[in-house]
Amino acid sequence: MNPFYVRWRVLIFAVIVSLTCRLSVVAADEQSLSKDQIKQFLLTAKIVGSKQASKGVTGTSRLTLSDGTITHDASFQGIDEHKATAQVGIGTELNFVDSYKYNIAAYALAELLGIDDLLPVYVERKWKGQSGSLSWWLPVKMDEVERHKQKLTAPNPDAWNNQMYKVRVFDQLVSDADPNLTNVLIGEDWKIWRIDFTRAFRLNKDPKDPKDLVRCDRQLLEKLKTLDGNDLQAKTKSYLTKDEVKAVMARRDKIVAQFQKMIAEKGENEVLY
């Protein structure tokens, strides 16, 4: 065999092995990153590419970030609209707000409640001179709209329902004015993520859909009971107003009271898991 051809094959093989190993290391590094490391990556990694996201109406962009070792995509939302009135669906909303800041506030609240695994990591960052929320791009296979269209069911209904119960409690707590099913994402292992809170944190003091409060995780209920308004104010001081924090706490009180009433009527095992 031609010695030159042999050397060329060896070189190509070495390059392929090197690239494969590098990709394996990157994948392993991504999986092993802590939430704090993900935050740091989102805040500091260089933005090396961008394109418009395929879904959403708030000008979401898909950015590619790299720190020289890890390359990963992130979702950027820079919307920050404030209007005296806005047409929303078939109604009119007063003091309308659609802001990236609520994404960051939602993640901060989820951290306080110990359910931040339901959301992607959100941080604040500037891109092209515009401030916005930047979140870790998730390994998603479908959203809830697609699941319903395909009439798919989770292989473990109990695990699925337990995730959805948390999502419903959180939705009532943050009072999202636009909680559509495209904002519920599903991973390969039927892991659920809730995204996009730019129209959350309304000022209503009551949960909008208390009928959605069916069951609750025991640890989440305890976290709700001990949630401190001052802690929430401090953790979200750049993203929520004092009135918005007060509204969260008022809804918290109603949510806890409803679950306590349900426990008294049905028994703890029927309500908590």
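This is a predicted model: local features need pLDDT of at least 70, side-chain atom pairs count only at pLDDT 80 or more; totals for chains, interfaces and linings use all residues.
Visitor: In the open sheet of five strands, which strands are the edge strands?
Guide: Helices (H or I, at least four residues) and strands (E, at least two) are DSSP runs, numbered from the N terminus, and two strands pair if DSSP finds at least two bridges between them. The sheet has the order β1-β2-β3-β7-β6, with antiparallel pairing. Each edge strand pairs on one side only, and these strands are β1 and β6.

Visitor: How many residues of strand β1 are buried?
Guide: Buried means under 20% relative accessible area, exposed means over 50%, and partly exposed lies in between, with a 1.4 Å probe and protein chains only. Strand β1 covers residues 46-52, seven residues, and it lies largely in the open because the number buried is zero.

Visitor: Which residue in β2 is the bridge partner of Ser50?
Guide: Strand β2 (residues 61-66) runs antiparallel to β1, and six bridges join the two. Within β2, the bridge partner of Ser50 is Leu63.

Visitor: At about what angle does helix α2 run to β6?
Guide: Axes are lines fitted to C-alpha atoms, for helices over the stretch in contact, and angles run from 0 to 180 degrees between N-to-C directions. Contact, for its part, means heavy atoms within 4.5 Å. Helix α2 (residues 35-44) lies across β1, β2, β3, β6 and β7, and its angle to β6 is about 10 degrees.

Visitor: In the open sheet of three strands, which strands stand at the edges?
Guide: The order of this sheet is β8-β9-β10, with antiparallel pairing. Two of these strands have a single partner strand each, so one side of each is left without a neighbour in the sheet, and they are β8 (140-143) and β10 (192-194).

Visitor: Which residue in β10 is the bridge partner of Val184?
Guide: Strand β9 (residues 184-187) pairs with β10 in the antiparallel sense over three bridges. In β10, the bridge partner of Val184 is Arg194.

Visitor: Is Asn183 buried or exposed?
Guide: Asn183 is found in the loop between α5 and β9. Not counting residues up to four places away in sequence, Asn183 touches Asp178, Trp193, Arg194, Ile195 and Asp196. Since its relative accessibility is 5%, Asn183 counts as buried.

Visitor: Is the crossing of α3 and α5 left-handed or right-handed?
Guide: Helix α3 (residues 101-113) and α5 pack at an angle of about 125 degrees, with their axes 12 Å apart. That makes α3 oblique to α5, since angles under 35 degrees count as roughly parallel, over 145 as roughly antiparallel, 65 to 115 as roughly perpendicular and the rest as oblique. A crossing is left-handed if the near helix is turned anticlockwise from the far one by less than a right angle, and right-handed if clockwise. The crossing of α3 and α5 is right-handed.

Visitor: Is the crossing of α6 and α8 left-handed or right-handed?
Guide: Helix α6 (residues 218-226) and helix α8 (residues 242-266) pack at an angle of about 135 degrees, with their axes 9 Å apart. That makes α6 oblique to α8. The crossing of α6 and α8 is left-handed.

Visitor: What is the relative accessibility of Ile255?
Guide: The place of Ile255 is in helix α8. Leaving aside neighbours within four places in sequence, Ile255 is in contact with Val169, Gln172, Leu173, Pro207, Leu213 and Leu224. Ile255 counts as buried, because its relative accessibility is 0%.

Notes: Residues are numbered from 1 along each chain as its sequence is written. Side-chain values use heavy atoms; hydrogens and water are left out.
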